[in-house]
Amino acid sequence: MNNIEKINFDSKDKFYNYLNLKLTGLICEEPDWLANLSNASALLWLLMDDINWAGFYLYKNGELVLGPFQGKPACTHISLGKGVCGAAAAELKTQLVKNVHEFPGHIACDSASNSEIVIPILSDNNKLAGVLDIDSPILQRFDETDKKYLEKFVSIIVKYVVFPENFS
């Protein structure tokens, strides 16, 4: 297996290029969706600084259902339009929230979370498959650079992961 080490980079661009390269190496030859999403969340947890939750919610039976993640136990079901994850899923648009306490309807699964980024995952047939959710205890932890590269992270997942038919 590819050796993955936490390395300090002098720019976010270099960090995210490393992260996305490692993700590709982890999932490009593995056909199992569960193994790939599990490794993707573990990779984020290992390499990203100042986060307290990283994982996936999968779209199933009209709602988001907890998938592979790293961090404290989390909410199991999230309705579309509810909280940051539900907003990303309903709008099919990345939600970059610098202060979750100012987000209307924020769902506080972990009271230590202060900022959050959620990227929708659209399957290859352009249907909602789920969301990638990353929380941080740091206010304003995420910015446009994080958004750009985490959307690329999700595009790598979509390229290599075949989601089961019961998702979406």
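Colleague: At what angle do α1 and α4 pack, and what makes them roughly parallel?

Modeller: The two helices pack at about 10°, and their axes are 10 Å apart. That angle makes α1 roughly parallel to α4, since angles under 35 degrees count as roughly parallel, over 145 as roughly antiparallel, 65 to 115 as roughly perpendicular and the rest as oblique. Axes here are lines fitted to C-alpha atoms, for helices over the stretch in contact, with angles from 0 to 180 degrees between N-to-C directions.

Colleague: Good to know! What kind of model is this?

Modeller: It is a predicted model, where local features need pLDDT of at least 70 and side-chain atom pairs count only at pLDDT 80 or more, while totals for chains, interfaces and linings use all residues. Residues are numbered from 1 along each chain as its sequence is written, and side-chain values use heavy atoms, leaving out hydrogens and water.

Colleague: Which residues of α1 and α4 meet?

Modeller: Among those of α1 are Lys-12, Tyr-16, Leu-23 and Ile-27, and they meet residues of α4 including Asp-146, Tyr-149, Phe-153 and Tyr-160. Contact means heavy atoms within 4.5 Å. By class, this contact has ten nonpolar, four polar and four charged residues (Ala, Val, Leu, Ile, Met, Phe, Trp, Tyr, Cys and Pro are nonpolar, Asp, Glu, Lys and Arg charged, the others, Gly among them, polar).

Colleague: What makes Lys-12 and Asp-146 a salt bridge?

Modeller: Their closest N and O atoms are 2.6 Å apart. The definition asks for a side-chain nitrogen of Lys or Arg within 4 Å of a carboxyl oxygen of Asp or Glu, so the pair qualifies. It links distant parts of the chain, with Lys-12 in helix α1 (residues 12–27) and Asp-146 in helix α4, 134 residues apart. The structure holds six salt bridges.

Colleague: How do you know how α2 is oriented against α4?

Modeller: Helix α2 (residues 33–47) and helix α4 (residues 144–160) pack at about 160°, with axes 11 Å apart. That angle makes α2 roughly antiparallel to α4. On the α2 side, Asn-36, Leu-37, Ala-40, Leu-43 and Leu-44 make the contact, and on the α4 side Leu-150, Phe-153, Ile-157 and Tyr-160 do. These residues divide into eight nonpolar, one polar and no charged.

Colleague: And why are α1 and α2 called roughly antiparallel?

Modeller: They pack at about 155°, with axes 10 Å apart, and are therefore roughly antiparallel to each other. Their crossing is right-handed too.

Colleague: Now the sheet: why do β3 and β4 stand at the edges?

Modeller: The open sheet has six strands in the order β3-β2-β1-β6-β5-β4, with antiparallel pairing. β3 (77–79) and β4 (95–97) each have a single partner strand, so one side of each is left without a neighbour in the sheet. Helices (H or I, at least four residues) and strands (E, at least two) are DSSP runs, numbered from the N terminus.

Colleague: How do you know that β1 and β2 pair?

Modeller: Seven bridges join β1 (residues 53–60) to β2 (residues 63–71), and DSSP needs to find at least two for a pair, so the two strands pair. Tyr-59 stands opposite Leu-64 in β2.

Colleague: Which strands does α2 lie across?

Modeller: α2 lies across β1, β2 and β6 (128–136), running at about 150° to β1. α4 packs on the sheet as well, touching β1, β4, β5 (115–122) and β6.

How values were computed. Left-handed = near helix turned anticlockwise from the far one by under 90°.
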